[in-house]
Structure formats: structure tokens, C-alpha cells
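Have the viewer open as you read.

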Amino acid sequence: LGVRVETLEKNQPNLKFNGELHLRYSAQSFDDNVTATNTRGDYRLRMEGNAKVDDATSYGMRLVSTQTKGGTDAPYYSGTFNVFGTSSGISSDTKNSFSLDRVFVARQMGAVKTTLGAQKLSMGTTNFIIDSTAYSFDGLKFEGKSGVVNMAAQWGRMVNAIDVASLELSSKQGKLTYGAGYLKMTNNTGSTQPSTTTAGGDLAKIITGNVKYDFDSKFSIAGEYVKNDVSPNAQYTNDKKNNAFDIVAVYGDQVLKKEGDNNFRVAYF
């Protein structure tokens, strides 16, 4: 019986899914007699699948609610909240749908982990520069460690032929963790993008530094500073600044891994 049970367990499906469904209702009233009152319900689904091929290889995917822009699927579009029963609320969108916005393979080769395919785009430590839960890119990521220094490099392409490349270094000494990084985003479409003043060219050249101090197992304070060497777009007449920072304090379980874990988080941007 033990042999039969062991064989049965080995034959169980290797692909495991986890995810989240968000439901949102909003009502917005206008008194100018021009703009119509906006009342709507939205939903967002994100389901992540992971599977282990062997001790060094794994693959993953993510199914998300998404939108079609002008009849074309937009899997890397960050606005994945869809309106119940209607279009997504953006004029060029035609319908709500679902898509695989991430499909990738990861391989550990010695001290270096290589990830190939459509995967999350991440930068920094506090999810401040880029919302890694929303944005993806199609390309390569290398992660490794040399001595006390952790290294991560990304290279690939986002939606609308926007190329991304980044390099991050980090280290830890006692209760102090610190790091620095560089991110470049380039528009190769030859047409004006929402966040650039010219057709084509660099969208961002970001230099960032971060620091985190763990006072104990329950309390930490982290901060991140960002500077963009590309001038802000002229259309943003009220904001010409090209730097930013955030401070995040967390009390409780620093990482939520299991049922019963909880924390209290305060962030200032």
C-alpha cells in the first residue's frame, strides 16, 4: 500500500495555481452639469501558475483579466481592472477578456539563476519605481551572488516596442540592507508615447538607491530614492521634478506567507 500511495503522489499534477480576485465599486458625482455621474463596478483576476521540472528548472505563467485596445490584445497593459458588463472605460478598448501576460522558464546554473520569457518587471525594493504586480516584459533576467553582493540584471521589451534594461546590486550587513540600481527605458516605435516629448528616444534613465533596517523580527523601516535623468514631459505643466523618494515602516510579519500572518504598513511618498 505504501508503494502504491507513493506512486500516486508522484503522478499528481505538478502545476499549482494561486491568485486573487479583486472586486471594486465606485460612485463619482459631478456638480458642473457637464460631466455625467460615473457609477461602476470593476473586477480584476490574477492567477499565477508554477511548476517544477527538476531540482534546477521551473516554469511559470499568469492568467489575468485584461482589455483589448482597438481590437488588439494588450497583455502588458497595466490597467487590468475591467468594468462589469461594459467596455473597460477606455475609448479605444473594445471588450474585456483574459490573457496569459507571463509565460517563462527559470533555470539555476551554479550561482546564477536565469529566467527567460514573459515575466514581471521589477526594480527597487518597495515596489515604488515600477508596480511589479502589474507590469511585465518579454526577455531575460539574470540573478546571482558574488561574495556578499547580490546582483540582478534585466533586458527585454515591454508593450509598444519599449525596450528595458536594468542592473541592481544589493548587500546586507547585520540588520542593515542596502542597494543601488540603474534602469533605462527606450521607445523604439518612432511615434510619440504618453511619457516622452519626442518621437522615439529615451523614456527614462533612472538611478535609484535603497536602504532597509530591521530593528527586530517584527519592525522595519525602509526607504528608496529615485532620480530620472530624462527631462519630464512638457505636458505635465504642474510637475517638472525628476526625483522622488518613499519611506515605508512595517510592523508585524515582514513577509505574509501563511494563514494568520499579518502586519501594519505605513508608507509616505
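This is a predicted model: local features need pLDDT of at least 70, side-chain atom pairs count only at pLDDT 80 or more; totals for chains, interfaces and linings use all residues.

Residues are numbered from 1 along each chain as its sequence is written, and side-chain values use heavy atoms, with hydrogens and water left out.

Let's start with Gln-119, which sits in strand E7, residues 112–120 (strands, E, are DSSP runs of at least two residues, numbered from the N terminus). Gln-119 has a relative accessible area of 4%, so it counts as buried (buried is under 20%, exposed over 50%, partly exposed in between, with a 1.4 Å probe and protein chains only). Its side chain reaches two backbone oxygens, as the table shows.

| Side chain | Backbone oxygen of | Distance |
|---|---|---|
| Gln-119 | Thr-115 | 3.2 Å |
| Gln-119 | Gly-117 | 3.3 Å |

Skip the neighbours within four places in sequence, and Gln-119 is still in contact with Arg-102, Phe-104, Ser-136, Phe-137, Gly-139, Leu-140 and Lys-141 (contact means heavy atoms within 4.5 Å).

Now for the core. The largest nonpolar core holds 14 residues, and Met-158 and Met-185 have the most contacts inside it (such a core is a set of buried Ala, Val, Leu, Ile, Met, Phe, Trp, Tyr and Cys residues joined through side-chain atoms within 4.5 Å). Strands E10 (162–173), E11 (176–187) and E12 (201–214) are the elements giving two or more residues to this core, and E12 gives the most, with three. Met-185 itself, leaving aside neighbours within four places, is in contact with Met-158, Ile-162, Asp-163, Val-164, Asp-202, Leu-203 and Ala-204.

From E12 you can follow the pairing onward. E12 and E13 (residues 219–228) pair in the antiparallel sense over nine bridges (pairing takes at least two DSSP bridges between two strands). A hairpin of four residues joins E12 to E13, and Val-211 stands opposite Gly-223 in E13. E13 also pairs with E14 (residues 243–252), antiparallel over nine bridges, with Lys-227 opposite Asn-243 in E14.

Not counting residues up to four places away in sequence, Tyr-251 touches Lys-218, Phe-219, Asn-263 and Phe-264. Tyr-251 and Phe-264 are 13 residues apart along the chain, with their C-alpha atoms separated by 5.2 Å.

Technical notes: A polar contact is a pair of N or O atoms within 3.5 Å; within protein, one must be able to donate a hydrogen and the other to accept it, and residues adjacent in sequence count only if both atoms are side-chain atoms.
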